[in-house]
Every structure is written in C-alpha cells, then in structure tokens.
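Please examine the following protein structure with care.

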Amino acid sequence: MAKLYVGNLPFETNEEQLTAFFAECGTPTRVTVVRDKFTNRSRGFGFVEFGDDAAAKKAIETLNGRSLGGRALKVNEAK
C-alpha cells in the first residue's frame, strides 16, 4: 500500500472530488482531506492511499503540479 501527500488543495475540496481527481491513475483505497478540528474547514492538504505502488507512482508523475480549482497541487510520497 502506498500513501501520498497532496498539498496546496483548494479549501473547498472534499474527499469525493479528490477521489475523482486521482481516479485516472487507479482506484484510491482511502482519501482524507485534513480539516481543522474547531472549524471543520480544510487545512489545504490531504492524503490519498493506493493498493499498489504502480498506481501511486503514476499519480505522482501525472498529477504533481496539475491544477485543481486553480491551484497547482503538490503530490509526493507521504513521509
């Protein structure tokens, strides 16, 4: 299983939109948009998990720098 960090998300992005955005590279097994615990507003980053490393590598190569909601995403392996 490979876990990716996704940064510079538009604040209105939800899990369903992020799942659809990453679907071209494979089927994500888990998608999380990190939210502020007091306001429940997105903090502008999240995580996407894939069941296989090939799909995760394709997502990094394909989607890093691509625009979502007018913002260039940062996609890399979560550390």
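Predicted model: local features only at pLDDT ≥ 70, side-chain atom pairs only at ≥ 80, totals over all residues.

Two strands are said to pair if DSSP finds at least two bridges between them. Strand S2, residues 28-35, runs antiparallel to S3, and six bridges join the two. One of the bridged residues is Val33, whose partner in S3 is Gly46. Together S2 and S3 make a hairpin, with six residues lying between the strands. Within the turn, Asn40 has a positive phi of about 65 degrees.

Strand S3, which covers residues 42-50, also pairs with S1, residues 2-7, in the antiparallel sense through six bridges. Here Tyr5 has Phe47 of S3 as its bridge partner.

Strand S3 also holds Glu49. Which side chain of opposite charge is nearest to Glu49? It is that of Lys3, 4.2 Å away. A salt bridge requires a distance within 4 Å, so Glu49 has none, although this residue is buried. Beyond its neighbours within four places in sequence, Glu49 is in contact with residues including Met1, Ala2, Pro28 and Arg30.

The discussion now moves to the nonpolar side chains. In soluble globular proteins, such side chains tend to be buried together. In this model, the largest nonpolar core has 19 residues, and Val6, Leu18, Phe22 and Phe50 have the most contacts inside it. At least two residues of this core come from each of S1, helix H1 (15-22), S2, S3 and helix H2 (53-63). Helix H2 supplies the largest share, four residues. Leaving out residues up to four places away in sequence, Phe22 touches Leu4, Val6, Pro28, Val48, Phe50, Ala59, Leu63 and Val75.

Note on methods: Residues numbered from 1 in each chain as written. Heavy atoms only, no water. Buried < 20%, exposed > 50% of the residue type's maximum accessible area, 1.4 Å probe, protein only. Lys, Arg positive; Asp, Glu negative; His and termini not counted. Contact = heavy atoms within 4.5 Å. Core = buried A, V, L, I, M, F, W, Y, C linked by side-chain atoms within 4.5 Å.
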